[in-house]
Amino acid sequence: MTTNENTAATEQNTEYLHEHTPRLDWHQLAPDVFKAMVRLDAAARKGVDPVILELVKIRASQINHCALCLDMHSKDALAAGESVERIIQLSAWEESRHFYTAREIAAIELTEAITVLTDGFVPDEVYERAAALFKEEELTQLIAAITVINAWNRFGVATRQAPGHYTAGDHK
């Protein structure tokens with residue numbers, strides 16, 4: 001292969017694929033629902049540790065494959081001082097427990113249990129671990145925050161919202 005052919009091949013390999021178009025601009029088409037979600041999100045986050053909140057949002061978004069929310073909450077977490085290492089390890093938290101506190105692990109476990117309801121319930125042991133580490137008011141708000149991010153994920157995935165255009169702090 002000549003130098004020019006090698007350079008052309010390298011350039012071809014670094015060309016990004018086309019960004020998909022969102023199916024709907026749902027927040028414009030259902031503004032009352034969007035506004036209600038924003039209010040619900042604000043109410044749910046009250047009293048939740050901001051670090052735990054972003055970890056929960058990122059983990060639920062990983063499970064739900066919501067690229068828009070992954071983009072948004074990873075950027076917000078980084079802007080708030082979260083480490084790249086902890087964000088990267090979050091998808092493998094069971095093998096990386098030493099990166100997180102006991103409260104963070106309990107919140108992550110609870111997030112997975114609420115997000116993936118294949119058994120139809122949150123296992124008692126997961127709930128009990130969280131209940132042992134969070135006051136009832138905190139636990140209630142945490143459950144609300146997990147529920148809300150799952151709702152956001154479903155809007156994002158169903159309408160194929162495109163990631164990459166969010167700037168940290170835009171929706172605080």
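Glu109 forms a salt bridge with Arg97, with 3.8 Å between the closest N and O atoms. This pair links distant parts of the chain: Glu109 is in helix H7 (residues 102–115), while Arg97 is in the loop between H6 and H7, 12 residues apart. The model is a predicted one. Glu109 has 11% relative accessibility and counts as buried, whereas Arg97, at 38%, counts as partly exposed.

Side chains of opposite charge can pair when their charged atoms come close. In this model the count comes to 9 salt bridges. The table lists some of them.

| Salt bridge | Closest N and O atoms |
|---|---|
| Glu109 and Arg97 | 3.8 Å |
| Asp41 and Lys57 | 3.7 Å |
| Lys75 and Asp71 | 3.0 Å |

Asp41 forms a salt bridge with Lys57. The pair links distant parts of the chain, with Asp41 in helix H3 (residues 31–45) and Lys57 in helix H4 (residues 50–64), 16 residues apart. Asp41 and Lys57 are both buried. Together with Arg45, they are linked in a network of salt bridges.

Lys75 and Asp71 both lie in helix H5 (residues 67–79), where they are 4 residues apart, about one turn of the helix. Lys75 is partly exposed, with a relative accessible area of 27%. Asp71 counts as buried because its relative accessibility is 14%, and buried means under 20%.

A nonpolar patch on the surface is formed by Leu78, Val84 and Ile88, which together have about 270 Å² of accessible area. Ile88 is placed in helix H6 (residues 84–89). Ile88 counts as exposed because its relative accessibility is 54%, and exposed means over 50%.

Note on methods: Residues are numbered from 1 along each chain as its sequence is written. This is a predicted model: local features need pLDDT of at least 70, side-chain atom pairs count only at pLDDT 80 or more; totals for chains, interfaces and linings use all residues. Side-chain values use heavy atoms; hydrogens and water are left out. Patches are made of residues with over 30% relative accessible area and no salt bridge: like charges are joined within 9 Å, nonpolar side chains (Val, Leu, Ile, Met, Phe, Trp, Tyr) within 5 Å. Accessible areas come from the Shrake-Rupley method with a 1.4 Å probe; for residues, only the protein chains shown count as cover. A salt bridge is a side-chain nitrogen of Lys or Arg within 4 Å of a carboxyl oxygen of Asp or Glu. Helices (H or I, at least four residues) and strands (E, at least two) are DSSP runs, numbered from the N terminus. Buried means under 20% relative accessible area, exposed over 50%, partly exposed in between (1.4 Å probe, protein chains only).
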